[in-house]
Number of protein chains: 4
Amino acid sequence: MDTNPCNIPTTPIAKAGKLVARLSADHQSVVNVNGAKIGEKSIAVIAGPCAVESKEQLLATADFVEKYGGCILRGGAYKPRTSPYSFQGLEEEGLQLLALARMKTNLPVVTEVMDTRQVELVSQYADMLQVGSRNMSNFSLLTEVGRSKKPVLLKRGMSASIEEFLMAAEYILKEGNDQVILCERGIRTFETAYRNTLDLNAVVMLKRLTHLPVIVDPSHGTGIRWMVPVMAKAAIVAGADGLIIEVHNDPSKALCDGEQSLSSKEFRLLMEELQIIAPVIGRSMETRVAISNIY
Amino acid sequence: MDTNPCNIPTTPIAKAGKLVARLSADHQSVVNVNGAKIGEKSIAVIAGPCAVESKEQLLATADFVEKYGGCILRGGAYKPRTSPYSFQGLEEEGLQLLALARMKTNLPVVTEVMDTRQVELVSQYADMLQVGSRNMSNFSLLTEVGRSKKPVLLKRGMSASIEEFLMAAEYILKEGNDQVILCERGIRTFETAYRNTLDLNAVVMLKRLTHLPVIVDPSHGTGIRWMVPVMAKAAIVAGADGLIIEVHNDPSKALCDGEQSLSSKEFRLLMEELQIIAPVIGRSMETRVAISNIY
Amino acid sequence: MDTNPCNIPTTPIAKAGKLVARLSADHQSVVNVNGAKIGEKSIAVIAGPCAVESKEQLLATADFVEKYGGCILRGGAYKPRTSPYSFQGLEEEGLQLLALARMKTNLPVVTEVMDTRQVELVSQYADMLQVGSRNMSNFSLLTEVGRSKKPVLLKRGMSASIEEFLMAAEYILKEGNDQVILCERGIRTFETAYRNTLDLNAVVMLKRLTHLPVIVDPSHGTGIRWMVPVMAKAAIVAGADGLIIEVHNDPSKALCDGEQSLSSKEFRLLMEELQIIAPVIGRSMETRVAISNIY
Amino acid sequence: MDTNPCNIPTTPIAKAGKLVARLSADHQSVVNVNGAKIGEKSIAVIAGPCAVESKEQLLATADFVEKYGGCILRGGAYKPRTSPYSFQGLEEEGLQLLALARMKTNLPVVTEVMDTRQVELVSQYADMLQVGSRNMSNFSLLTEVGRSKKPVLLKRGMSASIEEFLMAAEYILKEGNDQVILCERGIRTFETAYRNTLDLNAVVMLKRLTHLPVIVDPSHGTGIRWMVPVMAKAAIVAGADGLIIEVHNDPSKALCDGEQSLSSKEFRLLMEELQIIAPVIGRSMETRVAISNIY
């Protein structure tokens, strides 16, 4: 037996940059998205369609997001698609529809920005700017959203390490914008049974390392509708401050990501379950509809 | 816009072999490990040291495992170590100590078997045989434990797909042994912030595809002590039928895996938290000590 | 024995978009970078420092790149760095130095563009625009370089599949720019013994699927200086149309990537070895200095 | 700019155990497999079918392996298959056929051993024992082949790090058997365009770290027939001491791995090409047939 019988490497804790680093157990930022707060005791649920497709689709979807307790509406106007021949989004028309949906529902909206030149325009319509996983290391874009006054939802790159993810957020804070929410959305592994491998370990590690709020996207994280609710609940127990969920008024007709979108009914059920789980781990869910009134 | 605007591949659901496949929503096997049942409504917690080190260590550890509600004692007598110069386990002496601990605590014991030639000997002492992740594709060993009469705890290989994992179990059932428990224990990814990446998606997918009980090992899955309890709770919410947890009466002196072992106090706290969470998702925890009596 | 005894999946050949797809064995594009041709029988070697650091550094390095047979000079003026606190490049001053080096050596220059807003400026100085691996799925940038008249060097994302890589190139061609070179630069795997895992399989597969030239970056692909020459030679035998190599007049003082940069002497030796290997596989090396004169 | 502008981690060189570690540039072991030497200047080519299927198949295949310059015959008698319902090999009958083929061709034979209990029997027939990638961390088996007097061909596990691979070899040498050959055979990554990702970086790193001979299996490494020859050539240039190639007298009818097996004609062509490449990098190929006589 050798003198060091246990050949385990010293725990390789990732390091956080000085601006994003958590300094103490109760050092926790709250991001205020036009009234919706993320990072507090209350669990925040962002929901909406993958892509804004039409006025009817967006309003119908926004309606039930609001009704069942979502606090922010999501919807893509500019879509990063693997193929240039796929639907690329409604662009500014999509932004206008999001603004319309906000007016109808009072929900703040978040939408993706893919280009430094879009930041100004998107900021005119959106309450929060999303930087997608494909752009997590687009440092020009990180710098530009860092210079804006809008909250930023930063998604983890598909193969970004915890340390790289935190450094991407550091780029934004360095420009003076500390309203940043981190989002775990599934990593790329060898496994092909799910679209991505949602990594809840990341939630636990990120909450330890940074004061920024951390949310989870089980829709992209799994890519499979029936996996979404259970992974959403597990994410909350793992410590996530919120969720971002793809929902659609008619998932079978979605132009994008229909396979992973929840229907109105499925979303309502998930929200109800979250209301039951949240208090058990010391969190809460602010909802506009009492559970007893849902049915 | 092309006619198929949404370039998502059809969900690649893994397939299960005919013996392990779940045939209906309520098709669920229960594995009986000398009285401890896994796969029922009640959550089963297996706990114990990574390696059996000495009589004192094992009995002290077994004592609090039993006291706080563990239903099976784990402990390695034959240890698969990356280096041939690392501690390889106490071998038969370790098996004898496990039998002694069972006598003292009435807990059934599970221990790893690494060699087809060990199956008979280990079966004389253990109530369940563990096939470790490094041996998940050791088909001779799978066949041999399939021929034994003992329940088998089969751990997922570090880079085994869901389909390969299920096929490994099929090898055991094909020999006539249907007392098999599957265990997710972390996969190998690019991330180095944790020892492995515990994959809770696997739990959700496995529960859908097979009637075999599924448990989770957050100790190896993360490799970091403070991550274990939170991932354990998330695993239960993801649908796991139980947990296997490394605990030690003095983790700082453990010959193996001390960095990921819970102390007596940490284990008690986890068990208490699980008792609160289990009912929320329709499960239960049978414990020998009431929560109010713990403190 | 079952009727399909060999459970191998049907070979999952990636698909190429219609513009990048190779239609026949001799369907091969040649990209002309201000006189330097890539995709012909002759092997093209691009070389230069990771970052443009100073006039002295760049001219000294460019001098030996030209002297030993490099056909294009590389050098970063805008640097994508994980940390916002790392050296970010000399920006426009770096572009000016590249133009100066071109004047002194007659070598065309390639440099990275990270932002759609930089494309016009960088195009004024560079002969080829590089899209780095972090921006391979920055579809706005792909579209913008597709609209420019400059050849584009597109690097594979760290975890991009072959199909995604080809679709990224399709974005550029769709805008009317068919002067695209693909570059394999190492993928992200579990292995930590090298910085990345250079994937020569990708070269073989890409050459089969697309008519675009394919080159290899063994410097980023391995991250280790002494691995560069041997992997460079293996890449040529695997079918690469060229190489991009990090070299520096004084690697020990490099501000960036010194660990993987070749010295003048190491570069000369590699070029000499390539001249010997190229003819064996039916390729050639155009060099300005005869082997016999080198020593 | 920070004081350490270049945030590259120190090169993480894997470490080798004391018995396998290379101590100097010319410290190179030669493994003698019943007359066939691996680790010398001469490139060694092992070839044969995935599985021994019948007398006719094996002898026809062995015949052209010998004719075109293979130095050792491979063939599986015990097959590790993902599914228990797949063809599992002819077992001892397969071993007898291998012995017959050796008698007919004078080629030494290598075959896989999957179980500690098989080592004695397989050793009676085979000239070299193969430990497959699924058993690379089967430490009981490593110990047992270490106690045998036979050379061992050890394949890298699908997700084994360089360090783990070397430690597996250390297990064998520790038992007194230093006749070990390492084989890179493709790792598991996110890429699905090929069956595995053949990792030639591993060859370069292993040759630096250990004195043991290193060979490459491009058949399993790619899983695609037309990729095999080009990756075989690249492997030799990367420094491999030899190759192991799957060949079959009628690949379309193979019971196993037909998609990656070369025909007689394809094997001949590869051997011819290797004869041309080997001298260029200072190696040689001993062949029984002159190139000019092949056609």
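## A walk through the chains

Start by selecting Pro229(B): this residue is buried, with a relative accessible area of 18%. Here buried means under 20% relative accessible area, exposed means over 50%, and partly exposed lies in between (1.4 Å probe, protein chains only). Before you click on, know that this is a predicted model, where local features need pLDDT of at least 70, side-chain atom pairs count only at pLDDT 80 or more, and totals for chains, interfaces and linings use all residues. Residues are numbered from 1 along each chain as its sequence is written, chains are lettered from A and ligands numbered from 1 in the order in which they are written, and side-chain values use heavy atoms, with hydrogens and water left out.

**Stop 1: around Pro229(B)**

Pro229(B) sits in helix 8 of chain B, residues 228–237. Helices (H or I, at least four residues) and strands (E, at least two) are DSSP runs, numbered from the N terminus. Which residues does Pro229(B) contact, leaving aside its neighbours within four places in sequence? Show Leu262(B) and Leu270(B), and you have them. Contact means heavy atoms within 4.5 Å.

**Stop 2: Gln260(D)**

Hop over to chain D and pick Gln260(D), in the loop between strand 10 (242–246) and helix 9. Gln260(D) is buried, with a relative accessible area of 1%. Setting aside residues up to four places away in sequence, Gln260(D) touches Arg195(D), Ser219(D), His220(D), Gly223(D), Ile224(D), Arg225(D), Val228(D) and Glu246(D). Zoom in on Arg195(D): its side chain and that of Gln260(D) are joined by a polar contact of 2.6 Å. A polar contact is a pair of N or O atoms within 3.5 Å; within protein, one must be able to donate a hydrogen and the other to accept it, and residues adjacent in sequence count only if both atoms are side-chain atoms.

**Stop 3: where chain D meets chain C**

Colour chains C and D separately. The contact takes 62 residues from chain D and 62 residues from chain C. Together the two chains bury about 4900 Å², with 65% of it on carbon and sulfur atoms. Buried area is the accessible area (1.4 Å probe) that two parts lose on being put together, summed over both.

How many salt bridges cross between chain D and chain C? The rule finds two. To see a salt bridge, select Arg156(D) and Glu191(C), whose side chains meet at 2.9 Å, N to O. The term means a side-chain nitrogen of Lys or Arg within 4 Å of a carboxyl oxygen of Asp or Glu. There are also 10 residue pairs in polar contact across this interface (both at pLDDT 80 or more).

Next, highlight helix 6 (200–209), helix 7 (218–222), helix 8 (228–237) and helix 9 (264–277) of chain D, each of which supplies at least two residues of the side that touches chain C. Helix 6 of chain D gives the most to that side, with six residues. Sorted by class, the side of chain D that touches chain C has 36 nonpolar, 15 polar and 11 charged residues. Ala, Val, Leu, Ile, Met, Phe, Trp, Tyr, Cys and Pro count as nonpolar, Asp, Glu, Lys and Arg as charged, and the others, Gly among them, as polar.

**Stop 4: where chain B meets chain D**

Four salt bridges are counted between chain B and chain D. For one of them, select Glu164(D) and Arg188(B), with their closest N and O atoms 2.7 Å apart.
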